[in-house]
Number of protein chains: 2
Amino acid sequence: MSIVVVGSVAYDGIRSPSGAVDRTLGGAATYFALAASYFTKVRVVAVVGDDFSKKDEEVLRSHDVDTRGIEHTQGKSFFWRGEYGNNLNEAKTLETQLNVFQNFNPQVPKEYFDSEYLFLANIDPVLQGNVRRQMDGRVKLVGGDTMNYWITDPNHRKNLLQTLKGVDVLLINDTEAKMLAAEPSVPRAAQKVLQMGPRALVIKHGEFGATVFFKEGEFGGGRHPFRAPALPLEEVRDPTGAGDSFAGGFMGYVASQTKLDREVFKRAMFYGGVMGSFTVERFGTERLQSLSREEIDARYQVFRELTHIA
Amino acid sequence: MSIVVVGSVAYDGIRSPSGAVDRTLGGAATYFALAASYFTKVRVVAVVGDDFSKKDEEVLRSHDVDTRGIEHTQGKSFFWRGEYGNNLNEAKTLETQLNVFQNFNPQVPKEYFDSEYLFLANIDPVLQGNVRRQMDGRVKLVGGDTMNYWITDPNHRKNLLQTLKGVDVLLINDTEAKMLAAEPSVPRAAQKVLQMGPRALVIKHGEFGATVFFKEGEFGGGRHPFRAPALPLEEVRDPTGAGDSFAGGFMGYVASQTKLDREVFKRAMFYGGVMGSFTVERFGTERLQSLSREEIDARYQVFRELTHIA
């Protein structure tokens with residue numbers, strides 16, 4: 001089944017101990033769409049400026065990503081510049097230019113209305129809620145992401161809590177989960193977040209993988225969490241987009257299945273980790289652009305061997 | 001098979017957000033011995049002062065731990081006082097009294113000489129090396145632990161590097177591995193540490209579990225690592241001794257098996273995590289004192305469910 005993603009399609013400038021790029025295709029919706037495209041049909045809702053190149057749009061199209069929902073408008077595309085030190089888990093943001101994103105009013109094209117899956121990448125919760133409403137009564141499962149800024153600012157937080165009521169699976173990291181729940185213990189924070197709306201909560205632990213917590217009774221099971229590893233990679237070149245690639249692998253795999261049960265979610269957690277592990281091997285979306293499903297499934301087996309006892 | 005452990009048998013004062021104890025039985029060798037005692041016969045080499053109570057020695061004896069190698073001497077037992085804030089991963093040391101440990105010259109009793117396994121808990125690498133030599137030609141597998149202090153001080157480091165040549169399996173945490181290898185990437189640090197002597201390296205990630213890295217060809221396999229989870233516990237009362245309990249569960253399980261292959265190590269990683277998860281549920285050694293093998297195996301199954309895909 002196809003999946004609609006709303007979020008940023010942008011340009012990034014990235015510096016890490018392994019090198020630097022001045023301006024490369026990026027944005028949460030881009031990473032998500034490319035990662036998910038190996039599993040299912042993806043449709044993007046976003047806005048770009050007149051600096052957005054045909055070549056970069058073609059990167060998405062060549063992965064059979066539907067770009068009819070990408071609005072082209074006057075001005076410059078969203079731009080982010082950041083750098084990583086030796087601690088690759090944390091990016092230092094050097095510059096954020098919202099540009100055309102400032103007046104983004106996302107419209108889901110009618111052609112997308114038959115999609116049964118929706119992913120709300122990290123943007124203003126008001127816009128997330130707006131897109132969620134446009135897909136009301138159409139979608140079977142809604143995934144979402146958010147970040148510190150929307151969690152801590154009192155006004156944005158109010159909007160976020162409203163939007164969370166319409167999100168089935170929230171994917172955030174440890175710090176965000178603790179902030180959202182105002183609770184220093186991750187497992188306790190997870191239980192609090194599950195009271196805010198989501199039926200499942202995926203907490204990403206960076207180099208240590210991710211854990212999915214379920215609300216009792218949802219998706220055919222009890223409260224038992226499931227933990228997927230990340231690959232111990234000797235060379236991480238650029239962590240940008242790892243979380244969005246995880247979300248793309250996770251949601252893409254879920255959307256490719258007919259059932260929505262715990263076993264599907266467990267495998268989706270592994271596919272999420274697999275896609276994240278590919279992304280960080282190269283700068284930007286380079287590795288995500290050139291994968292094959294065979295490479296993905298081979299790495300899935302590596303993840304199994306990393307964790308499974310005979 | 002039986003296992004000899006050398007390390008501290010001590011008293012601890014602990015404060016955490018869940019409560020406090022002024023003085024309770026502690027020390028790395030104590031946690032290790034109690035955890036390992038559920039799998040195999042354990043023999044302790046340590047030193048205590050005249051304040052060490054018969055009741056506390058009886059805690060060890062009641063778990064069939066051999067205490068003939070515990071030297072009783074004039075003075076006070078090793079004492080550590082620390083506290084945990086909301087970040088339970090890190091203890092703040094408030095007080096360390098080496099006391100009788102200052103002049104400790106560990107002697108392995110002749111009665112221990114038929115033990116095939118040895119664990120060098122975190123003490124001065126010179127003492128670790130000394131005990132290692134006393135067991136030379138007798139033991140089949142040597143495990144070891146160390147800490148920042150021995151890694152960073154240039155003189156101690158020299159001794160540590162010497163001792164590491166005689167350690168088959170080193171168990172340390174992420175920070176220690178990075179310091180030891182002077183390398184910010186954990187997987188790369190692991191490869192460097194494996195060049196220092198150990199044939200296997202277990203890196204503990206606190207609430208995120210642990211990863212074992214192998215030297216190519218050792219223990220019947222290649223370089224593939226294996227990652228075991230930690231249980232997402234909603235209530236962690238006192239993290240003291242979690243690492244030593246992990247080591248006890250790990251080494252105790254290994255010593256209970258006839259083979260020394262990868263599958264044994266994988267299961268040992270799970271049993272290590274299981275024993276650590278019990279320890280942190282109560283203060284000090286309380287939970288470790290009252291376990292049953294049935295409870296341990298039931299939790300091992302929970303660890304499997306947490307990680308395994310059908």
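**Figure 1. The lining of the largest cavity divides into 6 nonpolar, 2 polar and 2 charged residues.** The model is predicted. The volume of this largest cavity is about 80 Å³. A search of the whole structure finds 2 cavities of 30 Å³ or more. The other one is shown next.

**Figure 2. The second largest cavity is lined by residues of chain B, among them Leu120(B), Asp145(B) and Leu170(B).** Its volume is about 40 Å³. Also in the lining are Gln128(B), Gly144(B), Leu160(B), Thr163(B), Leu164(B) and Val167(B). Helix α5 (residues 154-164) of chain B gives the largest share of the lining, with 3 residues. The classes of the lining residues are 5 nonpolar, 3 polar and 1 charged.

**Figure 3. Strand β2 (residues 10-16) of chain B pairs with β3(B) and with β6(B).** The pairing with strand β3 (residues 19-26) of chain B is antiparallel and runs over 6 bridges. These two strands, β2(B) and β3(B), form a hairpin, with 2 residues between them. In this pair, Ala10(B) stands opposite Gly26(B) of β3(B). The pairing with strand β6 (residues 79-84) of chain B is parallel and runs over 5 bridges. Here Tyr11(B) stands opposite Phe79(B) of β6(B). Strand β2(B) is mostly covered, with 6 of its 7 residues buried. In a regular strand, side chains alternate between the two faces of the sheet.

**Figure 4. Ser2(A) makes a side-chain polar contact with Arg43(A).** Ser2(A) lies in the segment before β1 (3-6) of chain A. Its relative accessibility is 10%. Buried means under 20%, so Ser2(A) counts as buried. The polar contact joins the side chain of Ser2(A) to the side chain of Arg43(A), at 3.5 Å. Leaving aside neighbours within four places in sequence, Ser2(A) is in contact with Thr40(A), Lys41(A) and Arg43(A), and also with Ser115(A), Glu116(A) and Tyr117(A).

Key: Residues numbered from 1 in each chain as written. Chains lettered and ligands numbered in written order. Predicted model: local features only at pLDDT ≥ 70, side-chain atom pairs only at ≥ 80, totals over all residues. Heavy atoms only, no water. Helix = DSSP H or I, 4+ residues; strand = E, 2+ residues; numbered from the N terminus. Buried < 20%, exposed > 50% of the residue type's maximum accessible area, 1.4 Å probe, protein only. Polar contact = N/O pair within 3.5 Å; in protein donor to acceptor, adjacent residues only side chain to side chain. Contact = heavy atoms within 4.5 Å. Pairing = 2+ DSSP bridges. 1 Å grid on protein atoms, 1.4 Å probe; cavity = no way out; pocket = protein on both sides within 12 Å on 5 of 7 lines; lining within 4 Å. Points joined across faces, edges and corners; volume = space filled by probe spheres on them. Nonpolar A, V, L, I, M, F, W, Y, C, P; charged D, E, K, R; others polar.
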